[in-house]
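Colleague: I have a few questions about this one. Can we go through it together?
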Amino acid sequence: MAQDDASPGGPDLRQGVALAELADGGKLAGHVGGDAVLLVRRGAEVFAVGALCSHYHGPLADGLVVEDTIRCPWHHACFDLRTGEALRAPALGPIACWSVEQRDGMLFVGEKLTRSKPEAGEAASGTLGRIVIVGGGAAGFAAADRLRREQFQGSIVILSDDDAPPVDRPNLSKDYLAGQAPEAWLPLRGASFYAKNAIDLRLNASVTGIDVGSRTVALADGGTVPYDRLLLATGAEPVRLTIPGADLPHVLTLRSLADSRAIIERAATARRAVVLGASFIGLEVAAALRARDIEVHVVAPDERPMERILGAAMGDFVRALHEEHGVVFHLGETATAIDGHRVQLSGGGALAAELVVAGIGVRPRIEIAERAGLSVDRGVVVDACLETSAPGVFAAGDIARWPDPRSGERIRVEHWVVAQRQGWTAARNMLGAREAFDAVPFFWSQHYDVPINYVGHAQAWDELAIEGDIAARDCLVRFKRKGEVQAVASIFRDIENLEAEVALERRGGLGASTEASLGRFP
Ligand SMILES: Cc1cc2nc3c(=O)[nH]c(=O)nc-3n(C[C@H](O)[C@H](O)[C@H](O)COP(=O)(O)OP(=O)(O)OC[C@H]3O[C@@H](n4cnc5c(N)ncnc54)[C@H](O)[C@@H]3O)c2cc1C
Ligand code: FES
């Protein structure tokens, strides 16, 4: 996603604008010196905040105001209009706030406000000594960051078996892989962040076991680390190909920064690539390789890409979009063997490729939870507060199967924003908050210049209502079950996607008492 470096437009808000120009609930974009500033009116009050989202500079002027907050149109971050605080991931940092003076029917923006540190919560100042987080990904990083923001004074240890610090994983298959974003954009925070916040980030540290009795984790190098609270955030790993030739050096998968670098290295000399699987990641890889001018063939058993998640019409659109960019599909086929630089297909054909990327799904990394005797069911089972069956041990992100208050079913999703938000909830609950995780799931995917936003969770639907024109890249697709909207996918209908999120939130679920009891362990 390109960063917006254009100098801010609109009126100079220090010179004043008429209050009448700003309707109640309205927004007005302008600038204060070199800063893009957004005015938002809520009744008699007017707020002035930074106009660009702290995640990827999304234009908050196109976002949705919900009570005293504003939500970003691109990936649904949410900011407090009074304090600028990031209330929801994927934004990790705040936006700035300015003072606003109302005089003679005019609004004048004054000084940038300095941020005050939030008070330490009761739990945060308590007696917990050490919180250990297994996993340096979306959920693990978000939890550590949140713990410090909650003013937790004890020690925080992140154990990650990756050799890279926490990175912006979604970018590994998008602009970075396409050669359109520098590697400097990838770390979620620079090295100084960990030192400054006394977060003991241990890389190449593989956790092999948990002893829930003595409250220690065991490391592959023989060491142990004691904990008072433990967060498991081990994510998922790519399903490996098992066909002959799967272990050849030019056959790769994509999960980590090292994986993305390896694809880039091979792409430097490859002329032809085969992507196995028409999943989100597979197709984002296809788009990135096309941006590098590599011939790309996608082989997948499905009739259409992404049909199971997005439905037939969106699936057809995604296929056509990739074909427009030169991708060749081999649907209804699988690879049966990789023989040197030839990929053999189940239909009898073969494709030449100097690079093969397998995007055939992921599986949650639940082995250590399983071995420790935690309750597992195609994921680590957690209660509404994200605590596992072992008291004091929490789980978040791709591994967590939690009780969804809307459907009443336990669900597990593999979305960046959900992992981060669960990391935040788990962090607060490790400090004793006992908050139910009730966020509506959201994900986005980017194919060339077309973003697809999806909010909600529709495991199955009996009606698909399409508004607008998918082919014209202006649509909203509602996935309904028994007449009720379960999820909404959209292309360039950001505000409606945000409104759908609010509607799903407000519809609520099974009621607070049911929600709290859902998933409680006997
Ligand atoms: C290339 C790519 C692109 C994506 N794009 C999008 C997107 O556009 N939108 C979207 O919503 N989602 C996207 N996703 C999915 C999203 O990244 C995941 O849902 C999210 O990262 C899950 O967060 P997590 O913290 O659960 O796991 P991860 O981010 O995978 O982190 C898990 C961490 O645990 C570590 N770990 C695992 N086991 C151990 C162990 N035993 N000991 C020590 N450390 C361990 C791993 O090294 C890793 O650091 C993408 C995923 C990939 C791979
Ligand atoms: S740019 Fe605002 S949430 Fe991503």
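Colleague: By class, which residues make up the shell around ligand 1?
Modeller: This is a predicted model. In it, the shell around ligand 1 has 14 nonpolar residues, ten polar ones and eight charged ones.

Colleague: And which residues are the closest to ligand 1?
Modeller: Ala139, Asp161, Lys174, Arg255 and Asp398 are the closest, out of 32 residues that surround ligand 1.

Colleague: Which helices and strands each supply at least two residues of that shell?
Modeller: Helix H1 (138-149), helix H8 (416-430) and strand S32 (442-447) each do.

Colleague: What about the backbone? How far is a polar backbone atom of Ala139 from an oxygen atom of ligand 1?
Modeller: For Ala139 the distance is 2.8 Å. A backbone N or O atom of Ala138 lies 3.2 Å from an oxygen atom of the ligand, and for a polar backbone atom of Ala233 the value is 3.4 Å.

Colleague: How much of ligand 1 does the protein bury?
Modeller: The protein buries 95% of the 990 Å² that ligand 1 exposes when taken alone.

Colleague: New topic, rings. How many aromatic pairs does the structure hold?
Modeller: There are eight aromatic pairs. One of them is Phe141 with Phe193: the ring centres are 5.5 Å apart and the planes are at 40 degrees, so this pair counts as tilted.

Colleague: Which helices do Phe141 and Phe193 lie in?
Modeller: Phe141 is in helix H1 and Phe193 is in helix H3 (residues 191-196), so the pair ties together parts that are 52 residues apart in sequence.

Colleague: Are Phe141 and Phe193 buried or exposed?
Modeller: Both are buried.

Colleague: Why does the pair of Phe443 and Tyr454 count as stacked?
Modeller: Because the planes of the two rings are at 20 degrees, and the cut-off for stacked is under 30 degrees. The ring centres of Phe443 and Tyr454 are 4.9 Å apart. Phe443 is in strand S32 and Tyr454 in strand S33 (residues 450-456), eleven residues apart.

Colleague: What are the relative accessible areas of Phe443 and Tyr454?
Modeller: Phe443 has 9% and Tyr454 has 4%. Buried means under 20%, so Phe443 and Tyr454 both count as buried.

Colleague: Which residues do ring pairs link into a cluster?
Modeller: The cluster consists of Phe280, Phe443, Tyr454, Trp461 and Phe479.

Colleague: Last one: where does the charged end of Arg103 sit?
Modeller: Over the ring of Phe108, 4.2 Å from its centre. Arg189 likewise lies over the face of Phe193, at 5.8 Å from the ring centre.

Note on methods. Residues are numbered from 1 along each chain as its sequence is written. Chains are lettered from A and ligands numbered from 1 in the order in which they are written. This is a predicted model: local features need pLDDT of at least 70, side-chain atom pairs count only at pLDDT 80 or more; totals for chains, interfaces and linings use all residues. Side-chain values use heavy atoms; hydrogens and water are left out. A residue is near a molecule or strand if one of its heavy atoms lies within 4 Å of it. A polar contact is a pair of N or O atoms within 3.5 Å; within protein, one must be able to donate a hydrogen and the other to accept it, and residues adjacent in sequence count only if both atoms are side-chain atoms. Accessible areas come from the Shrake-Rupley method with a 1.4 Å probe; for residues, only the protein chains shown count as cover. Helices (H or I, at least four residues) and strands (E, at least two) are DSSP runs, numbered from the N terminus. Ala, Val, Leu, Ile, Met, Phe, Trp, Tyr, Cys and Pro count as nonpolar, Asp, Glu, Lys and Arg as charged, and the others, Gly among them, as polar. Rings of Phe, Tyr and Trp (its six-membered ring) pair if their centres lie within 6.5 Å; planes under 30 degrees apart count as stacked, over 60 as edge-to-face and the rest as tilted. Buried means under 20% relative accessible area, exposed over 50%, partly exposed in between (1.4 Å probe, protein chains only). A charge sits over a ring if NZ of Lys or CZ of Arg is within 6 Å of the ring centre and within 35 degrees of the ring normal.
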